[in-house]
Amino acid sequence: MNLDPQIVGLLGFVVLLVLLVSGMPVAFAMALVGVVGFALLRSPEAAMSLLAIDFYDTLSRQSFTVIPLFVLMGQVAFHAGISRRLFATAYTWMGALPGGLAMATVGACTAFGAICGSGPATSATMAAVALPEMKRYKYDMALATGTVASGGTLGMMIPPSVVFICYAILTQESVGDLFLAGVLPGLVTGGLFCLAIYALCARRPAMGPAGPRTTIGQKFAALTGAGETLVLFAAVIGGMFVGFFTPTEAAAIGAGVTILIAFARRQLGPRLLWRAVYETLRTSCMVLIIVAGAMVFGRFLAITSIPFELAKWLSSLPLPGWTIIGVIILFYLFAGCFVDALALLLLTVPIFQPVVTGLGYDLVWFGVMIVLVTQMGTITPPVGVCAYVVNGIERDVPLQTVFKGCLPFLAVLILAAVLLMLVPGLATWLPEWSARLAR
C-alpha cells in the first residue's frame with residue numbers, strides 16, 4: 001500500500017501532540033512517532049535500524065561531551081557557593097537603589113548563567129539565595145518571584161547555554177559562534193530587566209524598598225565575590241573567542257577549573273562532589289535522550305518532505321522576508337506557552353531551518369532569536385517551567401502571583417526581540433569579530 005508521505009507526516013504531528021498532552025516523556029514520544037512513521041513509509045527493519053543508529057550515534061558522539069562537561073561546571077559552581085558570593089557582590093553594588101535587591105538578583109542571574117547554561121537551574125539557584133533576602137526587606141512578592149523566574153531565563157542566553165549546544169547540533173553551526181552571539185543580547189536583556197525594575201520601584205517604592213547604602217571601598221572589596229566567575233568566563237568564552245581551544249576543550253577546562261576553585265576554597269567535600277556528579281548525570285542523560293529522540297523524529301520528517309515543501313511554500317509567498325520571519329517568531333512565542341523550550345527547539349528547527357536559509361537569514365542570528373523567544377515561554381502559563389521552579393521553592397506564594405510578577409519582564413523580552421530584529425548585529429558582531437581575529 002502506497003501512503004502519501006505528507007499525510008503520514010501530518011498524522012505523525014497530531015499523534016505526537018496527543019502523546020505529549022497525555023504526559024509521555026518528550027524523548028520517547030518523538031522516538032516512537034519517528035520509528036512508527038519511518039516503518040510505514042519505508043519498512044519496519046529500516047525503522048529499527050534507524051532507531052539503533054541514531055541513539056548510538058547521539059550517545060557516543062565525542063562532540064556531545066560538551067553537554068555533560070558544561071552541566072558539571074554549573075553544578076560544581078552551585079554546590080561550591082559561587083552563586084551566593086555573586087549575589088552578595090551584586091547586592092553590595094545595587095542594593096541601595098529602589099528595587100536594588102531585585103536588580104542584584106538579575107545581575108547575579110546574568111553572571112551565574114555564564115557558568116550554568118540552564119534557565120530553570122539558574123532560577124532554582126537564585127530562588128534559594130535571593131528570595132529570603134527580598135522577603136526580609138518586605139519586597140512585593142510578585143516582583144520578587146517574577147524577578148527570580150525571569151532572571152533565570154538569562155541562563156538560556158548567556159553562554160555556555162545547553163539550548164545553544166542543541167541548536168548547533170541540529171543546524172551544524174559552530175557552538176563557539178552561537179555562544180559568542182548570545183553574549184550581547186543576554187547583557188542587553190539583563191540591563192533592560194534592571195531598568196524595568198527601577199522604573200517600577202521608583203514609581204511605587206513599597207514594591208522594592210532600597211537597602212542600606214555601602215561605601216565605594218565596600219563596593220570594590222565586594223568584587224572579590226565575582227572573581228571566580230570572571231576567571232571561569234575568561235577561561236571558557238575568552239579561550240574560544242581567540243581560538244585557543246574548541247568548545248569541548250573549553251567545557252573540560254571550565255569544569256576542571258571550577259573543581260579546583262571549589263577545592264581551593266575547601267567548599268566541595270566528597271558528599272557535595274558526589275551530589276554535583278549525580279545531578280550532572282541526571283541532567284545530561286535527560287538532554288541527550290531528548291536529542292536522540294529528536295534525531296529519530298527529524299529523519300522521519302525528512303522523508304515526508306514536509307520541511308522542504310513548507311520552505312518552498314513560504315519562500316514563494318509575495319511577502320517580504322522579514323514578515324515571514326515574524327510569523328515564525330510568533331509561532332515560537334505561541335508554541336512556547338505549551339511546549340518545553342528544548343523540546344520545541346528540537347521539534348521545529350528541522351522544519352524551519354530550510355525556510356530561514358532560503359530567505360537568506362543568518363542561522364546564528366536566528367538561533368539567538370529563537371532562544372530569546374523561547375525564554376518567554378519559560379515564564380508564561382501553562383508550561384512556564386521557570387515560574388514553576390520558583391513556585392516549588394517558595395510554596396507560600398501562589399503560582400498566579402509568580403506569573404503576574406513575570407508580566408513586566410515578558411514585555412521586556414518582547415522589546416528585546418524587536419531590538420534584535422532591527423539590529424541583527426547584536427547577535428552577529430562578536431562571532432564576526434572572532435572570525436577576523438582567528439584569521
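Thr-378 touches Thr-153, Met-156, Ala-341, Gly-384, Val-385, Cys-386 and Ala-387, once residues up to four places away in sequence are set aside. That is a handy place to start looking around this model, which is predicted. The protein chain as a whole comes to 22 helices and zero strands, and the structure holds one cavity of 30 Å³ or more.

**Around Thr-378**
- You will find Thr-378 in the loop between α19 (363-377) and α20 (385-393).
- Is Thr-378 buried or exposed? Its relative accessibility is 3%, so Thr-378 counts as buried, the cut-off for that class being under 20%.

**The chain as a whole**
- The radius of gyration of the protein chain is 22 Å, which agrees with the value near 22 Å that a compact globule of 439 residues would have.
- Along the principal axes, the C-alpha atoms fill a box of roughly 80 × 50 × 45 Å.
- Of the 439 residues in the protein chain, 53% are buried.
- Among contacts with a separation of 6 or more, 79% are between residues 24 or more positions apart.

- The largest cavity has about 50 Å³ of space in it.
- Two elements, α11 (175-203) and α21 (399-422), each give two or more residues to the lining of this largest cavity.
- Which classes of residue make up the lining of the largest cavity? Seven are nonpolar and one is polar, with no charged residues.

**Around Gln-75**
- Gln-75 sits in helix α4 (residues 66-79).
- With a relative accessibility of 15%, Gln-75 counts as buried, because the class takes in values under 20%.
- Which residues is Gln-75 in contact with, leaving aside its neighbours within four places in sequence? They are Ala-276, Glu-279 and Thr-280.

Key:
Residues are numbered from 1 along each chain as its sequence is written. This is a predicted model: local features need pLDDT of at least 70, side-chain atom pairs count only at pLDDT 80 or more; totals for chains, interfaces and linings use all residues. Side-chain values use heavy atoms; hydrogens and water are left out. On a 1 Å grid over the protein atoms alone, a cavity is a set of points where a 1.4 Å probe fits but cannot get out, and a pocket is an open set with protein on both sides within 12 Å along at least five of seven lines; lining residues have an atom within 4 Å of a point. Grid points are joined across faces, edges and corners, and a volume is the space filled by probe spheres set on the points. Helices (H or I, at least four residues) and strands (E, at least two) are DSSP runs, numbered from the N terminus. Ala, Val, Leu, Ile, Met, Phe, Trp, Tyr, Cys and Pro count as nonpolar, Asp, Glu, Lys and Arg as charged, and the others, Gly among them, as polar. Buried means under 20% relative accessible area, exposed over 50%, partly exposed in between (1.4 Å probe, protein chains only). Contact means heavy atoms within 4.5 Å. The radius of gyration is taken over C-alpha atoms; the globule rule is 2.2 Å times the number of residues to the power 0.38.
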